Amino acid sequence: MLRNREIQRLLLVMGLISLMALVVAAFISSATVVLVFLLSMLLIGTSLLFTRWRYRELAKLSVYLREISNGNNSLDVRDNQEGELSILKNDIYKVTLMLSEHRSLLRRDKIQLTDAISDISHQLKTPLTSMTVMADLLSAPDLPPAKRSEFTHHIRVQLDRIDWLVSSLLKLSKIDAKTIPFKKDRILVKNLIQKALEPVLIPMDIKGQSASIAGDDDVSFVGDFNWTAEAVINILKNGVEHTPEGGLISIAFSENTLFTEIVIEDNGKGIPKEDLPYIFKRFYKGKNAGEGSIGIGLAMAHSIIASQNGMIDVTSASEKGTQFRIKFYKQVI
């Protein structure tokens, strides 16, 4: 402690003051000299004891910070008293809580990243393995033309699947990173539904499914037309996939002073109760998922809608169908 320059300067100043007081006291009386000397020693001693106590408290804080840096977040340095050291301890404790939360978030993000990489690897491995096998078969010189055409078609289908997966993952990553500037245009829901139905009309026609649309022509909301259409397309694809031949997909939309609502409902086999909490989680595939399902369409729809001041909810019953309810809330001024 005495090697500290601040303490040395403090002792020097106090010594000079005491010396000057002794010189002045010498002109008064010898008793005054003794009194001033004792008071000076008491003052210097008290200052040293107080400084030593502060050093011990700072040393404890130093140990505390080392423990925190080693990952021990269970320590509590607060003493809830008045004074500079107490304020410092409380501020350090607040920073410790913030660091602990950030560490937890980083740990969670690391786990999610690891899981995502594992899921992506799994999703890519299956079509790549399939294409490798079919490519080996195509190299056979005696392969019939019909089989060659079939294998070529399957390879093209798998390549389209990989392209869609990679494209979807890139879109999801941009949405998560909030790097997509969603437009804020006035969108007529009628036009949005017509746009979203185009890609699923052929699959619906193949399965003999029909669609009903109900809603006023002037129902609208503020959002990004193309991105919202992609979200609705993914929901419609899910409905077409899980609705049997001859089924019906109903689309209704309306608005009030709080929000614009779009309801998409099918009469398919429904979603099992245990799968409902996880259907918007990427790469999750429920019990009724199709063989070619990847489990990313609904996750993307959820991310797109949530990024535009909206929410999506789902209700379903076994063998009675599924209902997706989308709400876009109006901006409150």
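Q: Why is E150 called partly exposed in this predicted model?
A: The relative accessible area of E150 is 34%. Partly exposed covers values between the buried limit, under 20%, and the exposed limit, over 50%, so E150 with 34% is partly exposed.

Q: What makes the contact of E150 and K147 a salt bridge?
A: The side chains of E150 and K147 meet with N to O at 3.6 Å. The criterion is a side-chain nitrogen of Lys or Arg within 4 Å of a carboxyl oxygen of Asp or Glu, so the pair E150 and K147 qualifies.

Q: Why are E150 and K147 separated by about one helical turn?
A: Both residues belong to helix α4, residues 145–176, and they are three residues apart there.

Q: Is K147 buried, exposed or partly exposed, and what value decides this?
A: K147 has a relative accessible area of 39%. Buried requires under 20% and exposed over 50%, so K147 is partly exposed.

Q: How do you know that K171 and E230 form a salt bridge?
A: Their side chains meet at 2.8 Å, N to O. The limit is within 4 Å, so K171 and E230 meet the criterion.

Q: Why is the pair K171 and E230 said to tie together parts of the chain?
A: K171 lies in helix α4, whereas E230 lies in helix α7, residues 225–242, so the pair joins parts that are 59 residues apart in sequence.

Q: Why do K171 and E230 count as partly exposed?
A: K171 has a relative accessibility of 25%, and E230 has a relative accessible area of 21%. Since buried means under 20% and exposed over 50%, K171 is partly exposed, and so is E230.

Q: What makes K330 and E255 a salt bridge?
A: The closest N and O atoms of K330 and E255 are 2.8 Å apart. That is within 4 Å, so the pair is a salt bridge.

Q: Why is E255 called partly exposed?
A: E255 has 34% relative accessibility.

Q: What makes the phi of N309 worth a remark?
A: Phi of N309 is near 60°, a positive value in a residue other than glycine. Most residues other than glycine have a negative phi. N309 lies in the loop between α8 (297–306) and β6 (310–317).

Note on methods
Residues numbered from 1 in each chain as written. Predicted model: local features only at pLDDT ≥ 70, side-chain atom pairs only at ≥ 80, totals over all residues. Heavy atoms only, no water. Helix = DSSP H or I, 4+ residues; strand = E, 2+ residues; numbered from the N terminus. Buried < 20%, exposed > 50% of the residue type's maximum accessible area, 1.4 Å probe, protein only.
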